[in-house]
Amino acid sequence: MLTFIIRRTLWTVVVMFVITVVVFFIFFKTPGVDPARALAGRNPSPQTLAEVRAQLGLNRPLLVQYGLMMKRIFITRNLVSYSDQGQLVIPEIFAAAPATLSLVFGAAIIWIVMAIVMGVAAARLRGRIYDPILMILALIGLSAPVFWIGQVANLITQGGLHNSVFSWVPPLGYTSFTVSPLHWFTGLVFPWITLSILYIGFYARVLRANLLEIQTEDYVRTARAKGLSERRVLLRHTLRTSMITFVSLFGLDFGALVGGGAILTEVVFGIHGVGFLTWQALQNLDLPTIMAVVIYGAFFIVLMNALVDIAYAWLDPRVRPA
Amino acid sequence: MADPLLDIRNLKVAFRTDDGLVRAVDGVSLSLYEGETLGIVGESGSGKSVTMMSVMRLITDPNAQFDGEVIYKGTNLMGMSQDQIRSIRGAGISMIFQDPMTSLNPVYKVGWQIEEQIREHEHVSRPAARDRAVELLTAVGIPNARERADAYPHQFSGGMRQRVMIAMAVSCNPDVLIADEPTTALDVTIQAQILSLIKKLKQDFGTAVVLITHDMGVVADMADRIAVMYAGRIIEQGTQRELFYDPQHPYTWGLLGSIARLDRPRPRRLTAIPGLPPSLMQLPVGCAFGERCAHRFERCRETPLLLDRAGPGHLDACHLSAQQKQDVRDRTIHPELVEERP
């Protein structure tokens, strides 16, 4: 197990290194990208441009620039944003992380519970009208764009009904849990729902298909032949084995979202999380921030991947290292 | 004779498909008496598994239609609610399946899987169920049973898994054990071990056994009575002796001809039954075996009834007269052995 963890960690380092290299060079190879021009003001003289360039270190060889950036991210942690010279990138990300974590954790709980309920219900009610109804609902959830659902939610809760039914919904934005737990919760209810709808649809459909497939397995027939109740067969035998697929999917999606993948939800609801930061950095072509966010995101994806592998071994004795 | 333990009366099972109705079981009647072993023989698709799965009400296909009665201890299993049939499954009647590699849940320890069944049917504490599971595993010949109970199915070989399945099946002292091709997926050397284990447990527990197989060798070794199935019907039924020494139906002859027997001179070639079984969607008019039968005549266009033509208790569904059967039988089973005789 220890060698497994060590190998896993080393592999993580390699993956993250490759990601940083790719992001860095894509940035400089993209046509039209010149942070100096963006900062130097309107119609800058060649002199000013050269000055700004020197200031940002853009006149040095790419490899040196890459090395400096990595040093500033990991060692001195004083990487400065291109677009806002007063802004240190690393603390900015750490300040944004709690908002993203709050959003994603809450949404994940909703989507796990709802997807299991819907998937199990659809599989159990197969052959009746409820199964297709549930699956069409899931398909709608799956295909409704997040920004649209978010805007509609805002329109309703912040607009027409804000003074009556939804008076408990605070204005857009994120309130830290330490400031006011109540506002933290009420402010996140609709972002949570919005973010989870897509995943509920997807996971419910995957789970249903998986349950139906496992229901035809010989060991499920054995469970019935033992005289177990349908409920027990479904929960302890069928669903238990489906969790292997479910958990591996969940780990990847969750990692991607924590790593800044909830951009749309964060932007629509004005939650200043990592996704929001990414969105701003992309608009300004702010390489230091993009780079830091990408590394941060990659870290979570790889971390979740490792956790999934461990969960896998826990769920499926066949893959447990001896 | 005493009342049968399990009495299948005119059981019919059909599956609705896009192409029409598939009559998998077409009017099967069978009785199982206390303590006996009944062999059901037939090739794939003859309806032998579907018959016994229907008895357990294990067919969940919503397109299946059932008709007929299965009387167990005075009650009709076919008319029972799900909850009622559940109390019989695994306790009164239990079943072991063909493929031990896939019949155990891969994510639970084998001991736990046996305990689960015991605790479903009896109010016993976990440690007590545990002790029983270990006892059963020992009884089916698993060494270090107390330790092995904590192993997962994938840590067992196929033969050992089938032993676990058998331990599980007899864990609640069932009256009837249905073994659906229990040795088909196993090595030949393991087959004999599993069969003698079933035999031993049958003696120790007094369980009646229904042995489903396509292997005439297995029933020769195990069964007291044998029913031969073809295209969803029983075409011959009798004691083991009657079936092997006085077979009445040309299909039974074909089955016997296709195995090598140690108690007879060895033929140079085994005979095979020509052709394929008919589609269960469009059974031919009359005798279902007619098209493959070498002794077919006009009357075969009428469906032959299963009657005791050869003596009490020995039923067959063939129109040939007893004399005709005797005349052509040996020639059909082993043509060359007959020809070589002066």
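Predicted model: local features only at pLDDT ≥ 70, side-chain atom pairs only at ≥ 80, totals over all residues.

Me: Good to know. How do strands E1 and E4 of chain B pair, and over how many bridges?
Reply: Strand E1 (residues 6-17) and strand E4 (residues 64-72) of chain B run antiparallel to each other, with 8 bridges between them.

Me: What sheet do they sit in, and what is the strand order?
Reply: They belong to an open sheet of 4 strands in chain B, ordered E2-E1-E4-E5, and its pairing is antiparallel. At the edges are strand E2 (20-32) and strand E5 (75-76) of chain B, each of which pairs on one side only.

Me: And what is the strand order in the open sheet of 7 strands?
Reply: That one, also in chain B, goes E6-E7-E8-E3-E9-E10-E11, with mixed pairing. Its edge strands are E6 (93-96) and E11 of chain B.

Me: Where does parallel pairing come in?
Reply: One place is between strand E3 (residues 37-41) of chain B and E9(B), which pair in the parallel sense over 4 bridges. Within that pairing, B:Val41 has B:Val228 in E9(B) as its bridge partner.

Me: What does E9(B) do on the E10(B) side?
Reply: Strand E9 (residues 225-230) of chain B pairs with E10(B) in the antiparallel sense, over 6 bridges. B:Ile226 stands opposite B:Gly238 in E10(B), for example. The two strands make a hairpin with 2 residues between them, and B:Ala231 in the turn has a positive phi of about 50 degrees.

Me: Is E10(B) largely enclosed or open, and why?
Reply: Largely enclosed by the rest of the structure, because 5 of the 7 residues of strand E10 (residues 233-239) of chain B are buried. E10(B) also pairs with strand E11 (residues 315-316) of chain B, antiparallel over 2 bridges. There, B:Glu236 is opposite B:Asp316 in E11(B).

Me: Changing topic: how many residues of chain A and chain B are in contact?
Reply: On the chain A side there are 20 residues, in contact with 26 residues of chain B. The area buried between the two chains is about 2,200 Å², and carbon and sulfur atoms give 56% of that. In chain A, the residues losing the most area to chain B are A:Arg221, A:Ala225 and A:Lys226, which together make up 27% of what that side buries.

Me: How many salt bridges and polar contacts are there between the chains?
Reply: The count is 2 salt bridges, and 12 residue pairs are in polar contact, with both residues at pLDDT 80 or more. Two or more residues each come from helix H9 (218-225) and helix H10 (230-261) of chain A on the side that touches chain B. By class, that side has 6 nonpolar, 5 polar and 9 charged residues.

Me: Which residue of chain B forms a salt bridge with A:Arg232?
Reply: B:Glu116 does, with the closest N and O atoms 2.8 Å apart. B:Glu116 also meets A:Lys226 in a salt bridge, at 2.8 Å from N to O. A:Lys226 lies in the loop between H9 and H10 of chain A and B:Glu116 in helix H4 (residues 110-121) of chain B, so this pair joins two chains.

Me: Are A:Lys226 and B:Glu116 buried or exposed?
Reply: A:Lys226 counts as buried, at 2% relative accessibility. B:Glu116 counts as buried too, at 5%.

Me: Back to A:Arg221: what does it form with A:Asp218?
Reply: A salt bridge, with the closest N and O atoms 3.8 Å apart. Both residues lie in helix H9 of chain A, 3 residues apart, about one turn of the helix. A:Asp218 is partly exposed, with 21% relative accessibility.

Me: Last one: which side chain meets B:Glu120 in a salt bridge?
Reply: The side chain of B:Arg86, at 3.0 Å from N to O. This pair links distant parts of the chain, since B:Glu120 is in helix H4 and B:Arg86 in helix H2 (residues 82-88) of chain B, 34 residues apart. B:Glu120 is partly exposed at 29% relative accessibility, whereas B:Arg86 is buried at 17%.

Technical notes:
Residues numbered from 1 in each chain as written. Chains lettered and ligands numbered in written order. Heavy atoms only, no water. Contact = heavy atoms within 4.5 Å. Buried area = accessible area lost by both parts, 1.4 Å probe. Salt bridge = Lys/Arg side-chain N within 4 Å of Asp/Glu carboxyl O. Polar contact = N/O pair within 3.5 Å; in protein donor to acceptor, adjacent residues only side chain to side chain. Nonpolar A, V, L, I, M, F, W, Y, C, P; charged D, E, K, R; others polar. Buried < 20%, exposed > 50% of the residue type's maximum accessible area, 1.4 Å probe, protein only. Pairing = 2+ DSSP bridges.
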